[in-house]
Amino acid sequence: MKGKQIQSKDKHIHQLAAIVANTRSILYKKEDLLAYDCDGFTIHKHLPKAVVFPKNTKEVAELVRYCCQNELPFLARGAGTGLSGGAIPLNGEVIISLVKMKNLISVDLENRRAVVEPGFVNLKLTNSISDKGYYYAPDPSSQSCCTIGGNVAENAGGAHCLKYGVTTNHILGLEVVVPTGEIIEIGDNGIPDAPGYDLLGLITGSEGTLGIVTKITVRILKNPEAKQTVLAYFDDVTDGSQAVSAIISAGIIPAALEMMDKTAIEGVEAAAFPVGHPKNIAAVLLIEVDGISAGIEEQINQILSVCRQFNVRDVKVAQDEQERSRWWANRKTGFGAMGAISPDYLVQDGVIPRSKLPEVLERINQISEHSGLRIANIFHAGDGNLHPLILFDAKIPGETEKALEAGSACLQACAEVGGTITGEHGVGIEKREEMRFVFNEEEIAAQTTIRSVFNPVNLLNAGKLFPSPGKCVEIKMEKKAAIL
């Protein structure tokens, strides 16, 4: 065993270190564990028992078997960029960190696929194959640091999922360590319409409750021949919202169709990548189309025409790749940019029918007024994936609770118009009780039964995704009704 001697009387720490064969591949002291007490959902924090860094699937399987045999709760963690608390160790888990499993195993351009380990960073895949004319489509805002293993767990989306779909649409095969320590292979490497149940679809988005993904086969795409990007400013959020639906109704499927409101614009202009958005504008749309060169200009002209029908103040087309990149950098740093205008913020993640955008944005404005908290809206407008950002100050007594209640009320508003409570961030611990907005008790029970097939003792990431039974939900719902 390499490294410094383990200074712990806990026999489990010694055994876990022996599995990874390196004392530098385990953390167990409180001062080291503090960095792992939460993920991107920082409102709740819990210390893990230990953090272990396996280097390969064999070590992951051995760690899982040890935890199972000794009844130690455990969970997998990637980069920790998740926004719903899915990687928070609620039960003092052993965290199996996959960041050392970060290899690009193979690239098969002929069959348009690549194989990566779970710790491989999302954007790094595109950067690794772009010189060959290919890219990986799912592009969450955190793509410069989030891992593909984490993307699989949360079924991550991104700005371009309107046209290209979310993570599940690009997964061809998985190697998974199930909670008994057994290693299984799922998927047929892209063979279409394979018989049997869609286990790939089941694992993708299961939020680390069914198994630990250790190898991923993904679909890669040829770079589009051409792309153009439009920026449109509106003096009224309703006009911008109606333009979104009108663009889709015109038969145009943009690669991306993003929207930011006045508060969101204030944030991004105060942060790292300002582009000069007008200070008094109510909403901005960022619209991108791609495909063969021959059709791009016609689509751009249609988009400009639609925007002008809805009282656009100004609309412009990016003149070069540099300008386009600045616009996207401004948008993609939107969440973090809220730190420039607020001490704390809570990101929500509801989904609604596009036609309901004006109605739901008005509801969110009412929730903001009733709670006394500012709410910025920055979201994937084209597929109705809203991201209300509730701005608050955790140092002020009661504001954190107000933010949580306001966020829940926003999700309830989404559910009531036929939408749902998450589009890409997952449920984790943040939205467990809100699962009742879209599922009844029988439907929740059916899903937990599926979990028990893979995870019968519930040692893997327990307490995530599904609500606990109890009457406390009725009280919580009454509080939300008061906000609404």
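Two strands pair if DSSP finds at least two bridges between them. I wrote that down before opening the predicted model, in which local features need pLDDT of at least 70, side-chain atom pairs count only at pLDDT 80 or more, and totals for chains, interfaces and linings use all residues. Residues are numbered from 1 along each chain as its sequence is written, and side-chain values use heavy atoms, with hydrogens and water left out.

**Entry 1: a sheet**

I also noted that helices (H or I, at least four residues) and strands (E, at least two) are DSSP runs, numbered from the N terminus. I looked up an open sheet of four strands and found the order S1-S2-S4-S3, with mixed pairing. Strand S1 (26-27) and strand S3 (74-77) are its edge strands, since each pairs on one side only. S1 pairs with strand S2 (residues 50-52) in the antiparallel sense, over two bridges. There, leucine 27 stands opposite valine 51 in S2.

I then looked up helix H3 (residues 57-69), which lies across S2, S3 and strand S4 (94-97). H3 runs at about 170 degrees to S4; axes are lines fitted to C-alpha atoms, for helices over the stretch in contact (heavy atoms within 4.5 Å), and angles run from 0 to 180 degrees between N-to-C directions.

**Entry 2: helix H10**

Helix H10 covers residues 293-309, 17 residues in all. From first C-alpha to last I read 26 Å, close to the 24 Å expected at 1.5 Å a residue; the expected span is 1.5 Å times one less than the number of residues.

Which residues of H10 are buried? They are Ile296, Ile300, Ile303, Leu304, Val306 and Cys307. Buried means under 20% relative accessible area, exposed over 50%, and partly exposed in between (1.4 Å probe, protein chains only). An α-helix has 3.6 residues a turn, so residues three or four places apart point the same way.

On the other side of H10, I found Ala294, Glu298, Arg308 and Gln309 exposed. The cover over the buried residues includes strand S12 (226-234), helix H8 (237-249), strand S14 (283-291) and strand S15 (312-317). Just after H10, asparagine 311 has a positive phi of about 60 degrees.

**Entry 3: cysteines**

I counted a disulfide as a pair of cysteine sulfur atoms within 2.5 Å, and the count came to zero. Cysteine 161 is in no disulfide, as the nearest cysteine sulfur, in cysteine 146, is 13 Å away. Cysteine 161 is buried, at 10% relative accessible area. Cysteine 307 is buried too, at 0%. Its sulfur is 20 Å from the closest cysteine sulfur, that of cysteine 161, which is too far for a bond.
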